[in-house]
Amino acid sequence: MGVASRYFKGEPLKIRQLLAKVALFAIAGAYPRICVAQPAAVTLNIQLDKPVHAVSPTLYGLMTEEINYSYDGGLYAEMVRNRTFQDHGFGGVAHWDIEQLGNSIASMAIDRTEGPSAALEHSLEIDVKQADATNRAGVRNEGYWGMALRPNTTYKGSLYAKADSADAGPITADLVNDNTGKSLATATMPGLSTEWKQYEFTLKTGKIDTSAENHLLLTVGHAGKVWIDLVSLFPPTYKNRQNGNRPDLMEMMGAMHPKFLRLPGGNYLEGDQIDERFDWKNTIGPLVDRPTHRSPWNYQSSDGMGLLEFLEWSEDLKIETVLAVYAGYSLKGDHINPGPALVPFLQDALDEIEFATGDASTKWGAVRAKLGHPAPFAVKYVEVGNEDWFDRSGSYEGRYAQFYKGIKAKYPQLQLIATAPLKRMKPDVLDDHYYKRADEFFADVKHYDTVDRNGPKIFVGEWATREGSPTTNMGAALGDAAWMTGMERNSDLIVMASYAPLFVNVNPGGMQWESDLIGYDALSSYGSPAYYAQVLFAKYLGTEVPASSLNGDAERFFYSVTRDSGKGAVYLKLVNASSLAQSVAIEMSGASNVGSTATVESLTAFTLAETNTISSPTRIVPVQTTIKGVGAKFSLSVPAYTVQVLELQAK
Ligand code: AHR
């Protein structure tokens, strides 16, 4: 079932969708009755027997990093915010509050001398002066803008704790509704000891209303000091992975038909300072051994989403990993000069590649196997750094060359991506980034038409039309769609492309970068119109680009034609970014047998500003229709502000 059919199940047909449908009937020749003003018709000639080049099978993929609470407070399903007490708030302990029930008396503070591991050297000390079984004291966690609870659902929790005396008694965990104070699920752990120990607990809700207005409460019924750390609570995750991901967001990514995942950034790879880079060795193994780190987007990353979790994310979506390795440049300008100083960083990258791709007989492959994943992951592309054109020292040329030599010596099969143009050598692939307004993309759709085919292959590793906030609007979807027509036309050169940023938590303070693809809060998620434009383009990718030309003048009208000869299908992607409907005569040659019906998916809006939001998530979604009366020659009218994909049968 298509995305649109899923969303529209049971919903009344909206006026816009009705209009889109009516416009499609215009194929039979009735369109002028509907639309008063209409620009001159254009003719799209397609020569199906003249393939120009193959479409890159990996054209569309995903780019990800910790930004906009993409992982913590996003994809990574952890519900406890600041679980290791390393976030800096404005006074107090960020996202935690003291709870003194009845006549209990307690206070809390960070203790920098007590922690459960070398990686987590401090903890939260709860000093309970007075408490008993009916006057309990403790702390509560607010979650990431609430905690989403659903009926009859099991939540798995754990924490590290110790007490100053062996008779401190147990900690009780409750999920409490913010508005009623009612406990919706409760569990009591075994009694605390004076040594750090991990306690696991299960909280099962009953017949409750689905809501995010809930918090986690941890209490004791005994006076004394208690220390806690790494407090964790997970809902059911995608494929039931432990320490796993939110199912809704995984499904939304799956619906984009991605072919790869570029990870882990972006700026997040580099960090503001060298010691804030994505230091992958600190992100693997038990959570208690992960020190966490500051992300350049100004919050602490829990590193619960570590390198292995990233790789498993690719595996769960059945896509390739494009592995970006830190290459000696961080955002505030620090860099490592090529030569001996860079050797340890190159070694880290080699170890990282071995961790991902080596079998269990290799040193780092064995570490991965010990962590529960004996099978190596498929990696074909390794990206050396990120946006190294920012490195004004001029060191990138030498750093790339050193990484290239070192990595190719051990892994000659890998394709190495450079993140800035090079003067002295030709990289395998060059990563180009584009953040533009729709008009700028319209003007630049022919960007790659004349690029030298003897140069490096191109990875458009980050791109987006930046219009609309927190997620993009229909204007952006049209800018994106126009740009994608250009990428498809040049997909002999462009091997991969990934939009950025992918995710945003739409709560106040959740966004560091405006104009994102998928928005969410604790409870639900939605796709922007631009998300659906990508769904459509990737769903109807095709395997080759036939010769085509557009005759006639049409402002803000763009197209792409691809074909899948194996399936006998031709895909027409028509992008009308104008406020007027556009008539198009289609003339196909080179196929003896063209079907008389076509499947059409349309994404339409009334205005460029129209958009989807967390409260109106399906205002603009693809509407699928089957139309009759098509053939080698037919006409159609593409409604204003519309991205339309036709699937025709032609042999
Ligand atoms: O996508 C947001 C940021 O834009 C990325 O982190 C960075 O690579 C680019 O500048």
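## Salt bridges

A salt bridge is counted here when a side-chain nitrogen of Lys or Arg lies within 4 Å of a carboxyl oxygen of Asp or Glu. Side chains of opposite charge can pair when their charged atoms come close. The model described in this report is predicted, and it holds 28 salt bridges.

Arg 241 sits in the loop between strand E12 (224–234) and helix H3 (247–254), while Glu 312 belongs to helix H5 (residues 307–316), so the bridge ties together parts that are 71 residues apart in sequence. Arg 241 is partly exposed, at a relative accessible area of 24%. Glu 312 counts as buried, at 14% relative accessibility.

Arg 241 also meets the side chain of Asp 316 in a salt bridge, at 2.8 Å from N to O. Asp 316 is again a residue of helix H5 and Arg 241 is in the loop between E12 and H3, so this pair ties together parts that are 75 residues apart in sequence. Asp 316 has a relative accessibility of 7% and counts as buried. Salt bridges link Arg 241, Glu 312, Glu 315 and Asp 316 in a network.

Arg 140 is in strand E6 (residues 137–141) and Glu 99 is in strand E3 (residues 96–100), so the contact ties together parts that are 41 residues apart in sequence. Arg 140 is partly exposed, with a relative accessible area of 27%. Glu 99, at 15% relative accessibility, counts as buried.

## Nonpolar cores

The largest nonpolar core has 112 residues, and those that touch the most other members are Trp 313, Phe 403, Ile 407, Val 460, Trp 463 and Ile 518. At least three residues of this core come from each of domain 1 (3–58 + 542–650) and domain 3 (259–303 + 326–411). A second, separate core has 39 residues, including Leu 149, Ala 168, Ala 185 and Ile 208.

Beyond its neighbours within four places in sequence, Trp 313 is in contact with residues that include Thr 64, Tyr 71 and Leu 75. Its other contacts include Asn 245, Met 250, Met 253, Leu 261, Met 305 and Phe 503.

A search of the whole structure finds six cavities of 30 Å³ or more. The volume of the largest cavity is about 130 Å³. Its lining is made up of 17 residues, and Asp 72, Asn 82, Tyr 144, Gln 300 and Ser 302 are the ones nearest its centre.

Two or more lining residues come from each of strand E7 (154–163), strand E10 (197–204), E12 and H5. Helix H5 is also the element that holds Glu 312 and Asp 316.

Key
Residues are numbered from 1 along each chain as its sequence is written. This is a predicted model: local features need pLDDT of at least 70, side-chain atom pairs count only at pLDDT 80 or more; totals for chains, interfaces and linings use all residues. Side-chain values use heavy atoms; hydrogens and water are left out. Helices (H or I, at least four residues) and strands (E, at least two) are DSSP runs, numbered from the N terminus. Buried means under 20% relative accessible area, exposed over 50%, partly exposed in between (1.4 Å probe, protein chains only). A nonpolar core is a set of buried Ala, Val, Leu, Ile, Met, Phe, Trp, Tyr and Cys residues joined through side-chain atoms within 4.5 Å. Domain bounds come from an automatic or database domain assignment. Contact means heavy atoms within 4.5 Å. On a 1 Å grid over the protein atoms alone, a cavity is a set of points where a 1.4 Å probe fits but cannot get out, and a pocket is an open set with protein on both sides within 12 Å along at least five of seven lines; lining residues have an atom within 4 Å of a point. Grid points are joined across faces, edges and corners, and a volume is the space filled by probe spheres set on the points.
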